[in-house]
Amino acid sequence: MKDESALHARGGIITERNTDFATLRLRIPAGVLSACQLRRLADLADGYGDGTVHLTMRQTMEIPHVRPDSFEVIARALEENNTPIGAERDEVVNVIACPGTERCKYANIETIDLARTIDRRVAGIRVPTKVRIAVSGCTYMCNSPLLNEIGIIGRIRPLRTPGLCTGCGTCVEYCRQCAISLRNGVSVLDERRCVQCGICVHSCPYNLLKPEYEHYQIAVGGRRGMEPRVGRELVTVETPEAVVEVVYRIVYWIYRTAWSGRLLADQLDEIGFDAFREGIRKEFAGNEE
Ligand code: SF4
Ligand code: SF4
Ligand code: SF4
């Protein structure tokens, strides 16, 4: 092998219990593959592994049981397949996304292209601690974005069409937050209870509830594992471009400021969330010219 250390430095080559073999982890943002890519992965697992693949928690795939003398050739083949090895060391690991508006009837935002765009912007930045990012199309948060270092959640505010409500009560039934009630024969929203999930908008049989202010909530500092933590809201933005910019700024802040070997949630506790938020704002300010 010509440059084994460079290959290992990229991450994604995980030595197994039997150190004669390694598992190769791939980078597949949002976990979406074409049938063609899938076939190629099957061929590579057959040719260089033990004929199996492993689906991970973070919507990516691993090819187990690969011998070191195959690393270089399989790494090149995976690169050509647009499923490169990676997503394992201290870096932005595989960005995950729920199906979003492409398939889910509850979604408020597109998620899969957003996850891919985020990946393109931040993949490969060398950060001192792992950064996990999840994109959820609505506040049901099926992929637990608040248990990631960066969580993105699509929300909308329901807007009522004045004077036309029949008082049928369908939206009241659908709202899990009990944020809608009937008063004097019309539905009334309690803004304090509303989590802006948008479900009521789809529920009205007369189409009297409209989506207003589609936006992205960005939370920071969550984690899974032994001591799970729930991420805290950092900012709300209105466009996917702004999401990508905020994510980049957070990752850049981590690159410049965070310590190695410690999870972001702990570091936010130590420096204080307000100080962190201020730091991110300064990063933005530095970008405004
Ligand atoms: S988080 Fe919302 S949009 Fe995404 S899959 Fe779940 S219900 Fe659908
Ligand atoms: S947006 Fe969601 S939480 Fe708010 S009123 Fe509608 S159903 Fe309830
Ligand atoms: S579902 Fe529509 S018509 Fe029925 S109470 Fe709600 S807003 Fe009014």
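A residue is called buried here if 20 or more other C-beta atoms lie within 10 Å of its own, exposed if 12 or fewer do, and partly exposed in between, with C-beta atoms placed from the backbone. By that count, buried residues make up 37% of the 289 residues in the protein. The model is a predicted one, in which local features need pLDDT of at least 70 and side-chain atom pairs count only at pLDDT 80 or more, while totals for chains, interfaces and linings use all residues. Residues are numbered from 1 along each chain as its sequence is written, and chains are lettered from A and ligands numbered from 1 in the order in which they are written.

The protein has nine helices and eleven strands, where helices (H or I, at least four residues) and strands (E, at least two) are DSSP runs numbered from the N terminus.

Next, select the strands β5, β6, β7, β10 and β11, which in that order form an open sheet with mixed pairing; two strands pair if DSSP finds at least two bridges between them. Because β5 (96-97) and β11 (232-237) stand at the edges with a single partner strand each, one side of each is left without a neighbour in the sheet. Zoom in on β5 and β6 (residues 133-136), which pair in the parallel sense over two bridges, and find Ile96 opposite Ala134 in β6.

Arg183 has Val186 in β9 as its bridge partner, and of the two residues between the strands, Asn184 takes a positive phi near 50 degrees.

Now select ligand 1, and show the residues whose C-beta atom, placed from the backbone, lies within 6 Å of it. Among them are Cys98, Cys104, Cys138 and Cys142, and the shell divides into nine nonpolar, three polar and no charged residues. Around ligand 3 there are 13 residues, the closest being Cys165, Cys168, Thr170, Cys171 and Cys204.

Finish at Pro128, in the loop between α4 (112-122) and β6. Pro128 is partly exposed, with 17 other C-beta atoms within 10 Å. Thr257 is 129 residues from Pro128 in sequence, yet their C-alpha atoms are 8.9 Å apart. Leaving aside neighbours within four places in sequence, Pro128 is in contact with Asp90, Ala258, Trp259 and Ser260, contact meaning that C-beta atoms placed from the backbone lie within 7 Å.

Definitions and conventions:
Ala, Val, Leu, Ile, Met, Phe, Trp, Tyr, Cys and Pro count as nonpolar, Asp, Glu, Lys and Arg as charged, and the others, Gly among them, as polar. Two residues are in contact if their C-beta atoms, placed from the backbone, lie within 7 Å.
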